[in-house]
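I opened this notebook to record, step by step, what I looked up in one protein model. My entries follow the order in which the questions came to me.

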Amino acid sequence: MLASGSDDHSVRVWKFNADSLLANLSSTQVLWGAQGAVWDVAWSPDGSRLAAASTNSNVLVWSVADGGMLGGQPPEVLKGHTDMVWCLVWSPDGTKLVSGSQDGTARVWEVYSDGWINPDSVQTVQLGENDYASSITFHPSGSLVAMTMVESQCTWVYPVTQDGLLVAENAQVVSGHAGV
């Protein structure tokens, strides 16, 4: 399944036949509940959860039910950001979800082995005065997180501890992009 977000406040889930992707791509489900435009979506590494970044300052997380469809349950709503959430990413092992917001913070959310997500973020990282992340990615090993910043037009690289927390005091700036 694929997923996409939109400024119509929805997330669409697309099912496809892997043998003929484009010929059989169809919207199979529309998920509502964002109460704002959805700028980013991300599947958990095991495909059991779908997270969405919303302009209403929340992160939404849906669970996939048996049979490969998202359940009829409302999404989990992760609150804590105070402005639009632009981006998010799951850690490679699926134990953390990191979100970046226009409020100038990144939040690390803990995902427990039973799939429950701690609604109180485990860590909040201040990204810089009047700056925010437009994209976030984990290194495949899970040992680094890179965030591309909008205003400063640079990328911050954060080491990640064994517990999945970002080490802000050891972050390094890499530059080279001429825009965001």
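Is C154 buried or exposed? I noted at the start that this is a predicted model, and I then found that C154 has a relative accessible area of 9%, so this cysteine counts as buried, the limit being under 20%.

I looked up C87 next, and its relative accessible area of 1% means that C87 is buried as well, by that limit of under 20%. Since I had cysteines in mind, I also looked for disulfides, and with sulfur atoms required to lie within 2.5 Å of each other the count came to 0.

My next entry concerns the largest nonpolar core, which has 18 residues, and in which V98, L127, I136, M147 and L166 touch the most other members. The elements that give two or more residues to this core are β8 (85–90), β10 (105–110), β12 (133–138) and β13 (144–149). I wrote beside this that, in soluble globular proteins, nonpolar side chains tend to be buried together.

Which residues does I136 touch, if I leave out those up to four places away in sequence? I listed C87, V89, V98, S99, G100, V145, A146 and M147.

My last entry is on S54, which I found in strand β5, covering residues 49–54. S54 counts as buried because its relative accessibility is 0%. Between S54 and S6 I read a separation of 48 residues in sequence, while in space their C-alpha atoms are 9.6 Å apart.

Note on methods
Residues numbered from 1 in each chain as written. Predicted model: local features only at pLDDT ≥ 70, side-chain atom pairs only at ≥ 80, totals over all residues. Heavy atoms only, no water. Core = buried A, V, L, I, M, F, W, Y, C linked by side-chain atoms within 4.5 Å. Buried < 20%, exposed > 50% of the residue type's maximum accessible area, 1.4 Å probe, protein only. Helix = DSSP H or I, 4+ residues; strand = E, 2+ residues; numbered from the N terminus. Contact = heavy atoms within 4.5 Å.
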